[in-house]
Amino acid sequence: YKSIGQGMGPTLTMASELGAYTLTDRGTWLAYQSKLDLAVLLEGDKRLFNPYQVILVNPKRYPDLNTEGARTLKNWLVSKHGQQLIGDFKVAGQPLFVADAKPQ
């Protein structure tokens, strides 16, 4: 085990140089894969999912924030259209995200 204290890109580079294993996110992998001597060994396992969430803050506690703008963004992200755009987003022909917001 090595803790290198770097971001994902340098971690992938080091793993490639050392012939080691690492976990990575799809976006960084797609950006770096052509520069590395590594192969994907496992993907798609639900235990590896890294979900993103939208959490609105309490407007009574933080009255100076743009709560309405945040709510509009949240509603778009979880909308059918937003979820389709997120799910269809690809890098190097591969999907970057799994859109799985639950209907509101």
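**Pockets and their surroundings**

A: The second largest pocket holds about 260 Å³. Some terms come next. On a 1 Å grid over the protein atoms alone, a pocket is an open set of points with protein on both sides within 12 Å along at least five of seven lines, and lining residues have an atom within 4 Å of a point. Grid points are joined across faces, edges and corners; the volume is the space filled by probe spheres set on them.

This is a predicted model, in which local features need pLDDT of at least 70 and side-chain atom pairs count only at pLDDT 80 or more, while totals for chains, interfaces and linings use all residues. Residues are numbered from 1 along each chain as its sequence is written, and side-chain values use heavy atoms, without hydrogens or water.

The second largest pocket has 13 lining residues. Nearest its centre are Lys2, Ile4, Thr11, Tyr21 and Thr22. Its lining splits into seven nonpolar, five polar and one charged. Here Ala, Val, Leu, Ile, Met, Phe, Trp, Tyr, Cys and Pro count as nonpolar, Asp, Glu, Lys and Arg as charged, and the others, Gly among them, as polar.

Now the largest pocket. It contains about 1,600 Å³ of space. Its lining has 44 residues, with Asp25, Arg26, Leu48, Phe49 and Asn50 closest to the centre. That lining divides into 25 nonpolar, 11 polar and eight charged. Helices H1 (8-18), H2 (26-32), H3 (67-78) and H4, plus strand E2 (94-95), each supply at least two lining residues. Helices (H or I, at least four residues) and strands (E, at least two) are DSSP runs, numbered from the N terminus.

Take Gln83 in H4 (residues 80-88). Gln83 is buried, because its relative accessible area is 15%, and buried means under 20% (exposed is over 50%, partly exposed in between; 1.4 Å probe, protein chains only). Its side chain reaches the backbone oxygen of Leu77 at 2.7 Å. A polar atom of that side chain also lies 3.1 Å from the backbone nitrogen of Asp100.

How far can the model be trusted? pLDDT is the predictor's confidence in each residue, from 0 to 100. The protein averages 93, and 98% of the residues score at least 70. Confidence is lowest in E2, at a mean of 88, and highest in H1, at 97.

Terms used: A polar contact is a pair of N or O atoms within 3.5 Å; within protein, one must be able to donate a hydrogen and the other to accept it, and residues adjacent in sequence count only if both atoms are side-chain atoms. On a 1 Å grid over the protein atoms alone, a cavity is a set of points where a 1.4 Å probe fits but cannot get out, and a pocket is an open set with protein on both sides within 12 Å along at least five of seven lines; lining residues have an atom within 4 Å of a point.
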